[in-house]
Amino acid sequence: MEIKEEIKNWINGKVDAVGFAPVDRFGEAPEKHHPEYILPGAKTVIVYGRLIPRGVTKSPNYGKYFLHRSYHTVYPYLDELGYSLSNLLEAETGELAVQAPSYLPMVFHGMEPWGVLSLKHAAEKAGLGAFGRSGQLYHPKHGGMLRWGGVITTAEMEGDPLIDKRPCPEDCTACMKACPVKAIQDEREKFEKMTCLAHSIKHVIYPLAMKGEEGRKRIERITNTAGYNYWMECFACVKVCPLNKTKD
Ligand code: SF4
Ligand code: SF4
């Protein structure tokens, strides 16, 4: 059996979507976040997604509590899958593999956090979705409710077809209207990540540990060691997006 089929059989039932991206699709990736910079000789990125239950968006009083638990349950799960899949790949093919972190550790450019590998961009290149006006990736069936994990490997595998159709209905502006800090601005096709993060991510340690110039210089170490279990104060754009709904 081909290794791609073997991986699909192995992961079937463990995730809600999986796709394969040849590394030659990553031409526009920033140098330090390119799969070949992460693993020299990389040929394929395997990306998989797990659903956040839609009930989270329907709970009027405890949605944030459920979102908190959903995110922090799914990230370790995705990392464990990447760890096991990397070992499986190395054993079956004799090639190299590494798991791309589903959340932490992140790399900081100044105060801005970047994934070691941007999994939403990798998911796009693996044919798992297309970007909407909110700056998020939307899967044709699951919308923006998937959290992503991935594996970078030197094993060569065929890529899955890309989705190039923009997902948003032509006149929809629901996420822009819902965002209390105007982080989503369609006129500039831009999602202001830092504006969103400043409003939505809350953590009890950050204001204390990052006090003053010296504290801010340590932002990468502080976030990567103490940042798990952050609180998400806002997910208004997720709740209103029609692409995230099955039935009301
Ligand atoms: S999470 Fe909140 S702050 Fe961030 S883009 Fe969505 S609505 Fe705006
Ligand atoms: S709310 Fe509307 S414009 Fe925003 S991402 Fe969803 S479909 Fe696109």
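Let's start where two helices touch: Ile-3, Glu-6, Ile-7 and Trp-10 of helix 1 meet Leu-85, Leu-88, Glu-92 and Thr-93 of helix 3, where contact means C-beta atoms, placed from the backbone, within 7 Å. By class, this contact has five nonpolar, one polar and two charged residues; Ala, Val, Leu, Ile, Met, Phe, Trp, Tyr, Cys and Pro count as nonpolar, Asp, Glu, Lys and Arg as charged, and the others, Gly among them, as polar.

The model is predicted, with local features needing pLDDT of at least 70 and side-chain atom pairs pLDDT 80 or more, while totals for chains, interfaces and linings use all residues. Residues are numbered from 1 along each chain as its sequence is written, while chains are lettered from A and ligands numbered from 1 in the order written.

Helix 1 (residues 3-11) and helix 3 (residues 63-93) pack at about 145°, with axes 11 Å apart. Axes are lines fitted to C-alpha atoms over the stretch in contact, and angles run from 0 to 180 degrees between N-to-C directions. Helices here are DSSP runs (H or I, at least four residues), and strands are E runs of at least two, numbered from the N terminus.

Now follow helix 3. Its buried residues include Leu-67, Val-74 and Leu-85, buried meaning 20 or more other C-beta atoms within 10 Å of a residue's own, with C-beta atoms placed from the backbone. The buried residues of helix 3 pack against helix 1, strand 2 (44-51), strand 3 (97-100), strand 8 (146-153) and strand 12 (231-232). Just after helix 3, Gly-94 takes a positive phi of about 75°.

Notes
A residue is buried if 20 or more other C-beta atoms lie within 10 Å of its own, exposed if 12 or fewer, and partly exposed in between; C-beta atoms are placed from the backbone.
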